[in-house]
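Visitor: I would like to learn how to read this model feature by feature. Could you take the general idea, then the case at hand?

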Amino acid sequence: MALQLYHMFPLFIIIVLHLSSSSCYGRYIQFFGTKQGLNHSYSADNNIVQQKHSGGHVDNVRRALRTATKTFNVADYGAKGDGKADDTQAFQKAWKEACSFSGAIFMVPSNKNYLLKPITFSGPCKSAITMQISGTILASEDRSVYEEDARLWLVIKKVNSLSVKGGGVIDGNGKTWWKNSCKINKKLPCKHAPTALTFENCKNLAVKNLNIQNAQQMHVSFQECNNVKVSSLKVTSPEDSPNTDAIHITGTQNIQITKSNVGTGDDCISIVSGSQKVRVTDFTCGPGHGISIGSLGDQNSEAHVSDVIVNGATLTGTTNGLRIKTWEGGSGVASNIVFQNIMLSNVKNPIIIDQEYCDQATPCKKQASAVRVKNVVYQNIKGTSSSEKAVVFDCSENYPCEGITMENIEIDGIDGGKSTEATCNNVKISKVEDVFPQCSTT
């Protein structure tokens, strides 16, 4: 009789689990058993996800809960993706719902061009979240829409445990900004232009497999972030595009950049005040202005940068190579910096420390104070220089560069001959071994 009832009626078992307070686990799990197997239904804050499973245990469902996701596709919120209609509002609606859901994926689908005005994706969000950018996000060419803050276009603010990926494109549509730059047209006043993508106050951030191009000014900026991993990033804009730094790091700690390829009209990487524990590996730069610490100390400001390691980079046709630049009149220190395992090809100013940096229309005044530069290592650096001076240390008379180490360096002229030289002012070199051109202090 019991066997007959088993065949005739499903066996319903309800198990109530008291899981952790983490919202991504949900409040309850229900099992509906049948003769053929278990048909699982589980809820994460009343959002039901179903999974069929033959056999299974509670642990299996817990694991499934941890990966329970919902996709918020901008197309479902009215985004046209035709490159003409303004899709800003649709993106805002999709983000608002995604950010309030546990385990969300914010989706920008492929084969579409989404036109956006300035927009901020604000957190904190309910849990870890993914931005899957597979299509193209295109900036509005109308400069009037940036009047509220001309320095920003796409901003991701206070979003923790965020992953941005997808192989898509972020296009700043920068041509209209470049032609109105004072660096292109000297008759025009110098004004701010938007950074294409800004991460502000984000923790546990991963940016992977993304293409950023033709930024209005800087391409991507990490501001006051912590624990950042950047990989397979491609940044491109014309060599003559003004102020188009590729990767800008400010006030950010614990950031890793690897397997990335950059070609722009300004610094490939710029690392400025408040940044610590920066790691760069497997990095390709060119065209551009090289890899820069700074500028630091402008307008008599205090600046601090420390614990920077660039280990494994190739620079081709850049106007600077490995550069530290500080303004006169500043204070603070740039220290514990390592440049190693670097290949150079036709690079102007391959190694340079400039403590008299001046990037303004009028000459800078001579000032006594300076941002100190100390404990800098140059090691295993090979290649060719397009300038006669391959090594330039132009340091402060009052605050000389100190603790400079140079090992296994050979930088020849582009014709292959030993036609390069080094000039050094106000520098204390602690170690020199197998270096050409050799630096002699004056």
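Visitor: Is Asn 209 buried, partly exposed or exposed?

Guide: Start with the cut-offs: buried means under 20% relative accessible area, exposed over 50%, and partly exposed in between, with a 1.4 Å probe and protein chains only. Asn 209 has a relative accessible area of 38%, so Asn 209 is partly exposed. A word on the source: this is a predicted model, in which local features need pLDDT of at least 70, side-chain atom pairs count only at pLDDT 80 or more, and totals for chains, interfaces and linings use all residues. Residues are numbered from 1 along each chain as its sequence is written, and side-chain values use heavy atoms, with hydrogens and water left out.

Visitor: Where does Asn 209 lie?

Guide: Helices (H or I, at least four residues) and strands (E, at least two) are DSSP runs, numbered from the N terminus. Asn 209 lies in strand β16, residues 203-213. Its phi is positive, near 55°, and it is not a glycine. Gln 299 also has a positive phi, of about 55°, and is not a glycine either. Gln 299 sits in the loop between β23 and β24. Its relative accessibility is 76%, so Gln 299 counts as exposed.

Visitor: Why does Ser 127 count as buried?

Guide: Ser 127 counts as buried because its relative accessible area is 19%. Ser 127 lies in the loop between β9 and β10 (129-133).

Visitor: What is Ser 127 in contact with, leaving aside neighbours within four places in sequence?

Guide: Contact means heavy atoms within 4.5 Å. Ser 127 touches Phe 101, Ser 102, Gly 103 and Asn 160 on that basis. A polar atom of the Ser 127 side chain lies 2.8 Å from the backbone nitrogen of Gly 103.

Visitor: How many bridges join β20 and β22?

Guide: Two strands pair if DSSP finds at least two bridges between them. β20 (residues 253-263) and β22 (residues 275-285) pair in the parallel sense over 8 bridges. Gln 253 stands opposite Gln 276 in β22. β22 also pairs with β24 (residues 302-316), in the parallel sense, over 9 bridges. There, Arg 279 stands opposite Ile 309 in β24.

Visitor: What volume does the second largest pocket have?

Guide: Rolling a probe the size of a water molecule over the atoms shows where empty space is left. On a 1 Å grid over the protein atoms alone, a pocket is an open set of points where a 1.4 Å probe fits, with protein on both sides within 12 Å along at least five of seven lines; lining residues have an atom within 4 Å of a point. The volume of the second largest pocket is about 190 Å³. Its lining includes Pro 118, Tyr 146, Trp 153 and Glu 200. The largest share, 3 residues, comes from β12.

Visitor: How many helices and strands does the chain have?

Guide: The count is 4 helices and 32 strands. Of the 442 residues, 48% are buried. Among contacts with a separation of 6 or more, 71% join residues 24 or more positions apart.

Definitions and conventions:
Points joined across faces, edges and corners; volume = space filled by probe spheres on them. Polar contact = N/O pair within 3.5 Å; in protein donor to acceptor, adjacent residues only side chain to side chain.
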